[in-house]
Amino acid sequence: MWLPFLYPPPASVYVAAMSAVSLVSMANAGLAELRGNHMAYSKFWHVVAAGAGGNKQGKSAGALLRSRDGMLVAYAPAFLAAAASFAVPGAVDGARAQLLSAALAVHFLKRVLEVLFVHRYSGSMPLDTAVTIGTSYLLSTVNMIYAQHLSRGLPDPPIDLLYPGVVVFAIGIFGNFYHHYLLSRLRADGGGGDKGYKIPSGGLFELVTCPHYLFEIIGFFGFAMIAQTVYALAVATGTAAYLAGRSCATRRWYESKFEEFPARIKALLPFVL
């Protein structure tokens with residue numbers, strides 16, 4: 001008896017292994033965030049650099065990129081892969097596969113455009129961090145499309161979540177963009193480094209520290225609902241685990257920087273977490 005909202009797992013050892021690896025590695029990354037072992041980007045680059053001896057120039061951290069360039073390295077390959085999938089014969093046959101590839105392309109194109117025109121950056125990003133994030137997103141994108149391709153010919157799930165998934169994805173991507181925009185406005189008149197950070201306000205920032213992460217999780221579960229594959233669900237669940245840990249770490253960071261940070265504001269889920 002299989003789950004009624006998923007395709008049966010394809011006969012692919014690779015996809016099965018990558019489903020487990022994606023879930024476990026992302027969940028472990030979330031636990032690392034909770035333990036204070038942060039991925040060195042955004043505000044936590046300063047924390048990691050300080051922990052390495054206070055060297056914010058990163059001389060002991062390997063090659064550095066400007067933060068904007070680093071985030072382009074992180075997002076652009078996944079966008080290009082999703083867009084290129086339409087040119088590969090047979091890769092995106094059928095409405096479900098086409099909508100999944102389109103949603104992935106839209107998601108990462110949005111991130112690239114935000115990097116170029118919305119976000120305000122200061123400081124640097126280690127090259128190895130940018131490559132790690134970019135490789136993770138690229139593999140997730142390619143594997144999600146590949147797992148969808150392998151589902152061709154398998155029995156359709158009794159519960160069809162394709163079009164509800166499109167709605168959930170749209171909610172996620174618009175909510176994520178809106179809160180990214182609010183964050184960018186906070187730093188419109190700020191300086192670089194820690195001095196450029198302020199307590200976010202507006203939208204769901206009145207209730208949680210990281211509503212942009214909440215909506216990113218919603219978007220990834222939109223992918224999972226469109227795809228209805230084990231791999232897509234594993235990626236969405238792993239992403240939720242990682243961003244939950246990152247959100248809790250972010251809330252602690254704000255508490256450490258601002259004495260007036262409101263205790264009522266949760267990390268990720270209003271009134272809960």
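Helices (H or I, at least four residues) and strands (E, at least two) are taken here as DSSP runs, numbered from the N terminus. The model is a predicted one, in which local features need pLDDT of at least 70 and side-chain atom pairs count only at pLDDT 80 or more, while totals for chains, interfaces and linings use all residues. Residues are numbered from 1 along each chain as its sequence is written, and side-chain values use heavy atoms, with hydrogens and water left out.

Most residues other than glycine have a negative phi. F271, found in the segment after α8, is not a glycine, yet its phi is positive, at about 70°. F271 counts as exposed because its relative accessibility is 68%; exposed stands for over 50% relative accessible area, buried for under 20%, and partly exposed for values in between (1.4 Å probe, protein chains only). Q228 also has a positive phi, near 55°. This residue sits in the loop between α7 (211-227) and α8 (230-257), and its relative accessibility of 1% makes Q228 buried.

The cysteines come next. A disulfide (a pair of cysteine sulfur atoms within 2.5 Å) is a covalent bond between the sulfur atoms of two cysteines. Zero disulfides turn up in a search of the whole structure. For C210, the closest cysteine sulfur belongs to C248 and is 8.7 Å away, which is too far for a bond. C248 is likewise in no disulfide, its nearest cysteine sulfur being that of C210. C210 is buried, at 0% relative accessibility, and C248 is buried with a relative accessible area of 18%.

Finally, there is the open space in the model. A pocket is an open set of points on a 1 Å grid over the protein atoms alone, where a 1.4 Å probe fits, with protein on both sides within 12 Å along at least five of seven lines; its lining residues have an atom within 4 Å of a point. The largest pocket has a volume of about 1,200 Å³, that is, the space filled by probe spheres set on grid points joined across faces, edges and corners. Its lining holds 50 residues, with Y41, M71, Y75, R111 and Y213 nearest the centre. Elements giving two or more residues to this lining include α1 (13-34), α3 (67-84) and β2 (124-126), and α8 provides the largest share, seven residues. Because domain 1 (62-154) and domain 2 (156-190 + 199-272) both contribute lining residues, the largest pocket lies between them; the domain bounds come from an automatic or database domain assignment.
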